[in-house]
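Biologist: I am new to this structure and would be grateful for a guided account of it. May I put some questions to you in turn?

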Amino acid sequence: QVQLVESGGGLVQAGGSLRLSCAASGRTFSSYLMAWFRQAPAKEREFVARIIWSSGNTFYGESVKGRFTISRENAKNTVFLQMNSLKPEDTAVYYCAAKKIGAGPYNYWGQGTQVTVSS
């Protein structure tokens, strides 16, 4: 049973930084894609970033490119999202997600962590 547990959300002023963590358990993730999504009130869920666990290859959504960095620490089975130069429009619930490489939609999700950026 795959479990993803996010942490690290909170309230920060515009221009500040936060680092989110996603602790993954339940299997070996070497053949998995790990990703971050976010959803703001009354908006659709938005892709933020993803990383291929085995290679570390990353890809970012346009709205966060150059400000956010996704990474993973193999020893701790944890994925991170370093968020810098935060803007009020980054306010959302951030979700960690996982799927096997080559699979369809992301099928494992965490419970989410709230990020609020004040202006």
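Biologist: Which residues form a disulfide, and how far apart are their sulfur atoms?
Modeller: This is a predicted model, in which local features need pLDDT of at least 70 and side-chain atom pairs count only at pLDDT 80 or more, while totals for chains, interfaces and linings use all residues. Residues are numbered from 1 along each chain as its sequence is written, and side-chain values use heavy atoms, with hydrogens and water left out. A disulfide here is a pair of cysteine sulfur atoms within 2.5 Å. The bond joins cysteine 22 and cysteine 96, and their sulfur atoms lie apart by 2.1 Å.

Biologist: Why is the disulfide of cysteine 22 and cysteine 96 described by a hand, and which hand is it?
Modeller: The torsion about the S-S bond of cysteine 22 and cysteine 96 is about -75°. The disulfide is therefore left-handed.

Biologist: Where in the chain do cysteine 22 and cysteine 96 lie, and how many residues apart are they?
Modeller: Strands are DSSP runs of E with at least two residues, numbered from the N terminus. Cysteine 22 belongs to strand β3 and cysteine 96 to strand β9 (residues 92-100), so the pair links distant parts of the chain, 74 residues apart.

Biologist: Is cysteine 22 buried or exposed?
Modeller: Buried means under 20% relative accessible area, exposed means over 50%, and partly exposed lies in between (1.4 Å probe, protein chains only). The relative accessible area of cysteine 22 is 0%, which means that cysteine 22 is buried.

Biologist: In what order do the four strands of the open sheet stand?
Modeller: Two strands pair if DSSP finds at least two bridges between them. β1 (3-7) and β7 stand at the edges, each with a single partner strand, so one side of each is left without a neighbour in the sheet. The pairing is antiparallel, and the order is β1-β3-β8-β7.

Biologist: How many residues lie between β7 and β8 in their hairpin?
Modeller: Strand β7 (residues 68-73) and strand β8 (residues 78-83) run antiparallel and are joined by six bridges. Serine 71 has phenylalanine 80 in β8 as its bridge partner. In the turn, asparagine 77 has a positive phi of about 50°, and the number of residues between the two strands is four.

Biologist: Which charged residue sits over the ring of phenylalanine 80?
Modeller: A charge sits over a ring if NZ of Lys or CZ of Arg is within 6 Å of the ring centre and within 35 degrees of the ring normal. The charged end in question is 4.1 Å from the ring centre of phenylalanine 80, and it belongs to arginine 19.

Biologist: Why is the pair of phenylalanine 29 and tryptophan 53 called tilted?
Modeller: Rings of Phe, Tyr and Trp (its six-membered ring) pair if their centres lie within 6.5 Å; planes under 30 degrees apart count as stacked, over 60 as edge-to-face and the rest as tilted. The structure holds six aromatic pairs. In the pair of phenylalanine 29 and tryptophan 53, the centres are 5.8 Å apart, and the pair is tilted because the planes stand at 35°.

Biologist: Which residues are joined with Arg38 into one network of salt bridges?
Modeller: A salt bridge is a side-chain nitrogen of Lys or Arg within 4 Å of a carboxyl oxygen of Asp or Glu. Arginine 38 meets glutamate 46 in a salt bridge (2.8 Å, N to O), and aspartate 90 also meets arginine 38 (2.8 Å, N to O). Lysine 65 and glutamate 62 meet in a salt bridge as well (2.6 Å, N to O). Through shared partners, Arg38 is joined into one network with Glu46, Arg67 and Asp90.
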